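Have a look at the chains below.

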Amino acid sequence: MNQTIKPRTLFEKIWDSHLVHEEPGSPSVLYIDLHLVHEVTSPQAFSGLRAKGLQVRRTDRTVATMDHSTPTKELSLNIVDAMGARQLRQLQANCKDFGIHLYDLDDPLRGIVHIMGPELGLTQPGLTIVCGDSHTSTHGAFGALAFGIGTSEVEHVLATQSLLQYRPKTMRVDFEGELQPGVTAKDMILALIAKIGVGGGTGYVLEYAGSAVRNLSMEARMTLCNMSIEAGARAGMIAPDETTFEYLAGRQHAPQGADWDAAVERWRQLPSDPGAHYDAVITLDVSQLAPMVTYGTNPGMGVEIDQLVPTPAAQSDPARRAALEKALAYMDLEPGKSLHGHPVDVVFIGSCTNSRISDLRAAAALIKGHKVAEGVRLLVVPGSESIRRQAEAEGLDIIFRQAGGDWRFAGCSMCIAMNGDQLSPGQYAVSTSNRNFEGRQGAGGRTFLASPLTAAASAIAGKVTDPREYMIG
Amino acid sequence: MQSFTTLTSKIIPLPNNDVDTDQIIPARYLKVTDKVGLAEGLFAGWRYLADGSPDPEFPINQERYQNAQILLTGDNFGCGSSREHAPWAMAGWGIRAVISTSFADIFRNNALKNGLLPIVVDDATHTSLFDLTEEVPLAAVDIDLASQTVSLPSGEKVFFEIDPFSKTCLIGGVDQLGYLLKQEDKIAAFEAARD
């Protein structure tokens, strides 16, 4: 027998191994290994279960945390607004009633859902992972198929541990070249979205590959995958390798002992086979990439920090011209000028994109010995309580505080502005988060998305600043 | 889920591209534990002036669109956050169908589960529909899901794609969870084989 096996991509291997059922005329039934739950997108799903008399099928595959509306000033529901507190208490009640483990507000391991999963070793290669949250794509950094779902689908997974899905297309994104100092994974993903647009990945699962990706740390890979959804992609993923295994080894929920060896052996089979077919392939040379910053009201409206804000009149497509005009009007920016040097009011370092210990270390190293510019508010919010403790053990909190910054407890905070941490109308922020949509960080607020390094440099200078200016030698 | 069979309605034009779900319903409205009352937050950032009063320029505030049930909008509608509050808010306001050239994946999935029909049309149809809303603002079009067509006042019928499963669920007003629950034995067998 000389049977040839069709080469498969990382995505195809995971998809194929999770197919429960397929029949013509219906979507596939896909099994879900890990379901992450938070307070904002779950209440109506639990209500649905109650109304139908259903139970949670696999409480052992379901994990909950609270992160969106939680306070960062002190860990108490007493300081949360009435509606937010009601929603948080509803999550507590739902988890209790249905037997789901909740990392509650006072849990030392609590954090932003997409920070915690990897940190606890729950996120592993080859898994299917969902959450009622679009940034679930973060977990793809481990070679998992991870994507955001709506609340109806949250109910589906709670009840059946399965989802109805149509097979997405695949796109490989090769990032080639060695990053310059001061340029990070955040800049890579902002460059990709600027290139393909906020709808450029729609219908696709992206697989990030190439030398620049292989050289990224696990935390940087999470930053890259986190913003896949900002290109419209269903998911983003990276083949697991030694970097992945090294990160996972010894974590609480990672396999141990002989199980670990068997798991690694399995995970080594996951990377895409040579000759596997992708529906699209694109390549970005990042060897000359500069730090990126967004000027507009979606994450695709970004430029290298020394480039000029585009001019609407130069856009040939009327819809694009209108969108750019509207964005620049909201941002109150002049076309044809550089953002470099634009005054900022607030700098936010945090969110599931950039609040890991390496992000905080990088920002602290740049800020150390400097003061935050007068009139600028620096808010630093670690992604989890574990990260907060680690940062404090390293004295990073003291560096931020001595510079005049505000150091907080873990949560989503000013990325989504549901907990009172928000911009005032008209304020400009350099933010390490993932969305610069109108009003995202507070009604009327204006967001420049950038890396933690760019955010730190901008905090010191009080204006949008290239971090390389502070990184001499 | 509310059944969707046919719909005859005026069209509300919202020509913006890349309308994200933070615009459809801002995060401050997401602290609810049910699905009702979200209509007041629909397009809140664009719909209200700084003093909180409705902006008379914004389409859904205009008297002529108060009973309209079709939204016509730009490319990549519903990008960003996975919040199902977006289709809940739209359906709560009275919108039953959205016409665009493309939809973000999660929004599209969410809409189909809430009796809200996303219709993708080609660029030429898209442009002619916007022209129609300018030339004859109160013109109505007919949507027939069974035949997957939008009938324009000119008599032209435009075909649109929808997957047969979602179509059946929409026409029958059937919750998709029912189908999944019927696969229980297969799910159990799958689990038994690998756990």
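## A partly exposed aspartate

A:Asp317 has a relative accessible area of 33%, so A:Asp317 counts as partly exposed. The model is a predicted one. Find A:Asp317 in the loop of chain A that runs between β14 (302-304) and α11 (318-331).

A:Asp317 belongs to a patch of negative charge on the surface.

## Salt bridges between the chains

How many salt bridges does a search of the whole structure find? Over all chains, the search finds 31 salt bridges. Side chains of opposite charge can pair when their charged atoms come close.

Start with A:Arg57 and B:Glu191, which form a salt bridge. Their closest N and O atoms are 2.8 Å apart. A:Arg57 lies in the loop between α2 (43-52) and β4 (62-65) of chain A, while B:Glu191 lies in helix α8 (residues 184-194) of chain B, so the pair joins two chains. A:Arg57 is partly exposed, at 23% relative accessible area. B:Glu191 is buried, at 9%.

B:Glu191 also meets the side chain of A:Arg58 in a salt bridge, at 3.2 Å from N to O. This pair crosses between chains too: A:Arg58 sits in the loop between α2 and β4 of chain A, and B:Glu191 in helix α8 of chain B. Are A:Arg58 and B:Glu191 buried or exposed? Both are buried.

## Salt bridges within chain A

Next come A:Arg408 and A:Asp421. Their side chains meet in a salt bridge, 3.1 Å from N to O. Both residues are in the loop between β17 (406-407) and β18 (428-431) of chain A, 13 residues apart. Are these two buried or exposed? A:Arg408 has 4% relative accessibility, so A:Arg408 counts as buried. A:Asp421 is buried as well, with a relative accessible area of 5%.

Salt bridges can also share partners, and in this way A:Lys6, A:Arg8, A:Glu12, A:Asp16 and A:Arg167 are joined into one network.

How many disulfides does a search of the whole structure find? Over all chains, the search finds 0 disulfides. Take A:Cys131, which is in no disulfide. The nearest cysteine sulfur belongs to A:Cys352 and is 9.7 Å away. A:Cys131 has 0% relative accessibility and therefore counts as buried.

Now take A:Cys412. A disulfide needs the two sulfur atoms within 2.5 Å. A:Cys412 is buried, with a relative accessible area of 8%.

## A serine and a leucine

Where is A:Ser26? A:Ser26 is placed in the loop between β1 (19-21) and β2 (28-31) of chain A. A:Ser26 has a relative accessible area of 17%. Buried means under 20%, so A:Ser26 is buried.

A:Ser26 and A:Leu164 are 138 residues apart along the chain. Their C-alpha atoms are separated by 8.4 Å.

Notes:
Residues are numbered from 1 along each chain as its sequence is written. Chains are lettered from A and ligands numbered from 1 in the order in which they are written. This is a predicted model: local features need pLDDT of at least 70, side-chain atom pairs count only at pLDDT 80 or more; totals for chains, interfaces and linings use all residues. Side-chain values use heavy atoms; hydrogens and water are left out. Buried means under 20% relative accessible area, exposed over 50%, partly exposed in between (1.4 Å probe, protein chains only). Patches are made of residues with over 30% relative accessible area and no salt bridge: like charges are joined within 9 Å, nonpolar side chains (Val, Leu, Ile, Met, Phe, Trp, Tyr) within 5 Å. Accessible areas come from the Shrake-Rupley method with a 1.4 Å probe; for residues, only the protein chains shown count as cover. A salt bridge is a side-chain nitrogen of Lys or Arg within 4 Å of a carboxyl oxygen of Asp or Glu. Lys and Arg count as positive and Asp and Glu as negative; His and the chain ends are not counted. The place of a charge is taken as NZ of Lys, CZ of Arg, CG of Asp or CD of Glu. Helices (H or I, at least four residues) and strands (E, at least two) are DSSP runs, numbered from the N terminus.
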